[in-house]
Amino acid sequence: MIETSEKFKINSPKVVHETIDGEVVIVNLDRGDYYSLVKAGADIWEGLAKGMARVDILENMVQRYDASRENIETALNDLIEKLELEELITIEKTDEVIPLNTTNNESETKVNTEKLSFEIPTLQKYTDMEELLALDPIHEVDEMGWPNAKQ
């Protein structure tokens, strides 16, 4: 069966990200904005960063979190839409045969029967460092080597 499939990609090189203690910090270097995702949002980002299909991310979330498939799917779709709107990810649509996920997740599920409580992921956006992130730290520095804006 041929369907339209989506491939997710982090919008590199203008977007960089790092996971620290379960929180994903994402920086849009072009805009100077930075973002934070925690819990379910961090798990979704991890799936997107790995290039997983939407359906596979959804399956992982349904197995991990204690919430209805519909609630998780709505939250997943909303977050993907926001990430694309903020130009943090790109979505490439391709026509291809989509095999169902045949990885062996059953062993994981049986071991970890305690599901995490699901909170709707929110993309926290911070703009307070826009000017600092937009500086050219190699050329615009003071005598001490700190970045500064041209007057």
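These are my notebook entries on what I looked up in this predicted model.

**Overall layout**

I started with the element count: the protein has five helices and eight strands. Reading from the N terminus, I get β-β-β-β-α-α-β-α-β-α-β-β-α. Of the 151 residues in the protein, 32% are buried. I also looked at contacts between residues at least 6 apart in sequence, and 64% of them join residues at least 24 apart.

**The four-stranded sheet**

Next I went through a sheet. It is open, has four strands in the order E2-E3-E4-E8, and pairs antiparallel. Strand E2 (15-20) and strand E8 (124-126) sit at the edges, each pairing on one side only. From one strand to the next, the twist averages 20°.

I then took the pairs one at a time. E2 and strand E3 (residues 23-28) run antiparallel and are joined by six bridges. In that pair, histidine 17 stands opposite isoleucine 26 in E3. How many residues lie between E2 and E3 in their hairpin? I found two, and aspartate 21 in that turn has a positive phi of about 50°.

E4 and E8 are also antiparallel, over three bridges. Here I noted tyrosine 35 opposite lysine 125 in E8.

**Asparagine 28**

I picked asparagine 28, which lies in strand E3. Is it buried or exposed? Its relative accessible area is 0%, so asparagine 28 counts as buried. Its side chain reaches the backbone nitrogen of aspartate 30 at 3.1 Å. Setting aside residues up to four places away in sequence, I listed what asparagine 28 touches: Lys14, Val15, Asp33, Tyr35, Glu86, Glu87 and Leu88.

**Serine 36**

Serine 36 is in strand E4 (residues 33-37). I read its relative accessibility as 7%; the cut-off for buried is under 20%, so serine 36 counts as buried. What does its side chain make a polar contact with? The partner is the side chain of glutamate 23, at 2.5 Å. Beyond its neighbours within four places in sequence, serine 36 is in contact with Glu23, Val24, Thr122, Leu123, Gln124 and Tyr126.

Why do I call helix H1 (residues 40-49) largely enclosed by the rest of the structure? Because eight of its 10 residues are buried. I wrote them down as Ala40, Gly41, Ala42, Asp43, Ile44, Trp45, Gly47 and Leu48.

After H1 comes glycine 51, with a positive phi near 80°. Lysine 50 is in the loop between H1 and helix H2 (54-64). At 57% relative accessibility, lysine 50 counts as exposed.

**Helix H3**

Helix H3 (residues 69-85) has 17 residues. From its first C-alpha to its last I get 24 Å, close to the 24 Å expected at 1.5 Å a residue. Which of its residues are buried? I have Ile72, Ala75, Leu76, Leu79, Ile80 and Leu83. They cover an arc of only 130° around the axis, which means they are on the same side of H3. On the other side of H3, I found Glu70, Glu81 and Leu85 exposed.

**Methionine 129**

My last stop was methionine 129, in the loop between E8 and helix H5 (130-134). With a relative accessible area of 30%, methionine 129 is partly exposed. Not counting residues up to four places away in sequence, methionine 129 touches Gly32 and Tyr34. I looked up the spacing to glycine 32 as well: the C-alpha atoms of methionine 129 and glycine 32 are separated by 6.6 Å, with the two residues 97 apart along the chain.

Key: Residues numbered from 1 in each chain as written. Predicted model: local features only at pLDDT ≥ 70, side-chain atom pairs only at ≥ 80, totals over all residues. Heavy atoms only, no water. Buried < 20%, exposed > 50% of the residue type's maximum accessible area, 1.4 Å probe, protein only. Polar contact = N/O pair within 3.5 Å; in protein donor to acceptor, adjacent residues only side chain to side chain. Contact = heavy atoms within 4.5 Å. Expected span 1.5 Å × (residues − 1). Arc of directions from axis to C-beta. Pairing = 2+ DSSP bridges. Axes fitted to C-alpha atoms, helices over the stretch in contact; angles between N-to-C directions.
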